[in-house]
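I opened this entry to log what I looked up, in the order I looked.

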Amino acid sequence: MTTSPRPADAARTAITTTTQLRAIQPSPPVGPVERAGLRDRLRGLILPVALLALIWSLLTDWRLDAWVFGLPALAIAAGLLLAMPHPRRWRLAPVPTLLFALWFAVQAVRGAVDVALRAVAPRMPLRPGFRSWRTALPEGAPRIVLANAVTLLPGTLSAELEGQRLVIHVLDAGLDHDRALGDLESRIAAIFAAPLPGREVAA
Amino acid sequence: MISMVAMVLIGAGALFFLAGTIGLLRFPDLHCQLHALTKADGLGLTLIGLGAALLAGSVGDIARIALICAFAALSGATCGHLIARHARRGDAEGRDV
């Protein structure tokens, strides 16, 4: 692996995950925006901007003077959304999303308890190591959700996402993580209604 | 009664922060330390947020606490990933040179 760090790539990932997880896809830039596409993209800004405005209003308790900071931030966010590569809209399936949220909450608690117990155990049971996982999820939001979710599952931390390959750091290399990862992947596929081609293979 | 439950939640949250910090100090390398910070501290903040929400006076306060917890969880996982990636790539470059 001789890939050099790509700051632009990192910034894009960060922005994507914090602004609107399901609407933007960090795919490689696809040339200049066509005229007809621009109107669609401006229309596509309405929902994110309204959402961000609502969040800002909630955070500031609906105070008008807080917009001194909120308005410029909102303008920058809208500009970034326009500058980003063309987003792909994902439809979220409501029932799998709710099931995932509940399952994920339980897993995140398990993960925190697991790492807390390892931290305070006198013998500190750690067998750290890296492993690679080839994901069958489509590019964009599903893979970002996967990378972020892996970090909060028991004993796993996403260390690198490159195309189909997700490098995962594990606290206990002796444990079998394949089943948990496969389970997580199929749950995420259900949220985005994305079919998984065949059985995923660990790389 | 409600304030008792809130105290228990906040106390549990503080314990997770403590465990996360112990992990940060004891774990041998950066990646293991990231496990402790992202997971244990994330749950710690959520528990403290739940406790604070129980004590909160208004719906606006509760909404703000929920937003803060959600954003902290999201940015924690993302930052953990970015730090881990940077460390890995730094290692790889060091070996190549």
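This is a predicted model: local features need pLDDT of at least 70, side-chain atom pairs count only at pLDDT 80 or more; totals for chains, interfaces and linings use all residues.

I began with A:Val120 and asked which residues it touches beyond its neighbours within four places in sequence. I found contacts with B:Ala19 and B:Ile22. Contact here is two C-beta atoms, placed from the backbone, within 7 Å. A:Val120 belongs to helix H4 of chain A. I have it as partly exposed, because 14 other C-beta atoms lie within 10 Å. My scale: buried is 20 or more other C-beta atoms within 10 Å, exposed is 12 or fewer, partly exposed is in between, with C-beta atoms placed from the backbone.

Residues are numbered from 1 along each chain as its sequence is written, and chains are lettered from A and ligands numbered from 1 in the order in which they are written.

Next, H4(A) as a whole. Helices are DSSP runs of H or I with at least four residues, strands are runs of E with at least two, and both are numbered from the N terminus. H4 spans residues 94–120 of chain A. I checked its length. The expected span is 1.5 Å times one less than the number of residues. The 27 residues should therefore span 39 Å, and the end C-alpha atoms are 39 Å apart, which agrees. I then listed the buried residues of H4(A), among them A:Phe100, A:Ala108, A:Gly111 and A:Val115. What covers them? I found that the cover includes H5 (141–152) and H6 (178–191) of chain A, together with H1 (2–26) and H2 (30–55) of chain B.

I turned to the contact between the chains. It takes 35 residues from chain B and 35 residues from chain A. On the side of chain B, H1, H2 and H3 (59–96) each supply at least two residues. H3(B) gives the largest share, 18 residues. By class, I noted 16 nonpolar, 11 polar and 8 charged residues on that side. Nonpolar is Ala, Val, Leu, Ile, Met, Phe, Trp, Tyr, Cys and Pro; charged is Asp, Glu, Lys and Arg; the others, Gly among them, are polar.

Strands next. I count strands as paired if DSSP finds at least two bridges between them. E1 (residues 129–134) runs antiparallel to E3(A), with 6 bridges. In that pair, A:Arg131 stands opposite A:Ile168. E2 (residues 156–162) also pairs with E3(A) in the antiparallel sense, over 6 bridges. There A:Glu162 faces A:Arg165. E2(A) and E3(A) make a hairpin with 2 residues between them, and A:Gly163 in the turn has a positive phi of about 60 degrees.

A:Asp61 has phi near 60 degrees, and so does A:Trp62. A:Asp61 sits in the loop between H2 (35–59) and H3 (67–83) of chain A. A:Trp62 lies in the loop between H2 and H3 of chain A. Buried or exposed? A:Asp61 is exposed, with 12 other C-beta atoms within 10 Å. A:Trp62 is exposed, with 10.

Last, the domains of chain A. I have domain 1 at 30–86 and domain 2 at 90–203, with bounds from an automatic or database domain assignment. Their centres, taken over C-alpha atoms, are 31 Å apart.
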